[in-house]
Amino acid sequence: MSEAQEEKGGLIRPARNVGEPVPPIPEAEAAASEDPSTVFSHFRTGLSRHRTGLSEHRTDLSEYRTDLSGHRTEMSMRRTGMSFQRTRMSADRTLMSEMRTALSLIGFGFTINQAFQKMHDAGSIQNVNAPRNFGVALLVFGIVLLAGGIFRHVQFETELRDRRKIMTEDGLIHSDSRFPISVTLVIAVCLLALALAAVLGIIFNLALLG
């Protein structure tokens, strides 16, 4: 460690205490030529001054460590506040994964139904109920998966927002960043509406989408 002071986060580390050297032990000749009690009294006084200097330096180091601890606590609170944002984005990614799976099921179901319906209209096949039911089943599975994902996402986001508010009021975290509405959730709701329109059009033979 150098004797120069180090600055960390606006805090200045106390300079290294070189201090005064430890007073030498009185020699026997000096103690014999003078009053031994006076010689050893001076020696004890020198030791006391040395200990006092070390004690003051330890006090400065202790205050410096206390200030650093306050800075670490502040950083920990900010990291915890940011972890809420990371958790929220992770929930968005989970919802997008569910949307992709649901969209695959809905797309396959709609395609299978339309393909066999066209074949039936062209006279290639006579009975279209089985493939039609299979396509509708895939559509329903996709809708159920998407609806469940939206419900779970809203429930989780509400709990996360409430927990963040409680921890902020208790002074445990910083919540400077906003908690905006999830765009992924909006798209998921729109996709659910389109899927419902598609399945209703197939079941009741309606052209809800034009």
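Reader: What pattern does the chain follow along the sequence?

Author: The pattern is β-β-α-α-α-α. Helices are DSSP runs of H or I with at least four residues, strands are E runs of at least two, and both are numbered from the N terminus. This is a predicted model: local features need pLDDT of at least 70, side-chain atom pairs count only at pLDDT 80 or more, and totals for chains, interfaces and linings use all residues. Residues are numbered from 1 along each chain as its sequence is written, and side-chain values use heavy atoms, without hydrogens and water.

Reader: Why is the pair Arg88 and Glu157 called a salt bridge?

Author: The rule asks for a side-chain nitrogen of Lys or Arg within 4 Å of a carboxyl oxygen of Asp or Glu. The closest N and O atoms of Arg88 and Glu157 are 3.6 Å apart, so the pair qualifies. Arg88 sits in helix α2 and Glu157 in helix α3, 69 residues apart. Arg88 also meets Asp92, at 3.9 Å.

Reader: Is Glu98 buried or exposed?

Author: Buried means under 20% relative accessible area, exposed over 50%, partly exposed in between (1.4 Å probe, protein chains only). Glu98 has 18%, so Glu98 counts as buried. Its salt-bridge partner Arg152 has 28% and is therefore partly exposed.
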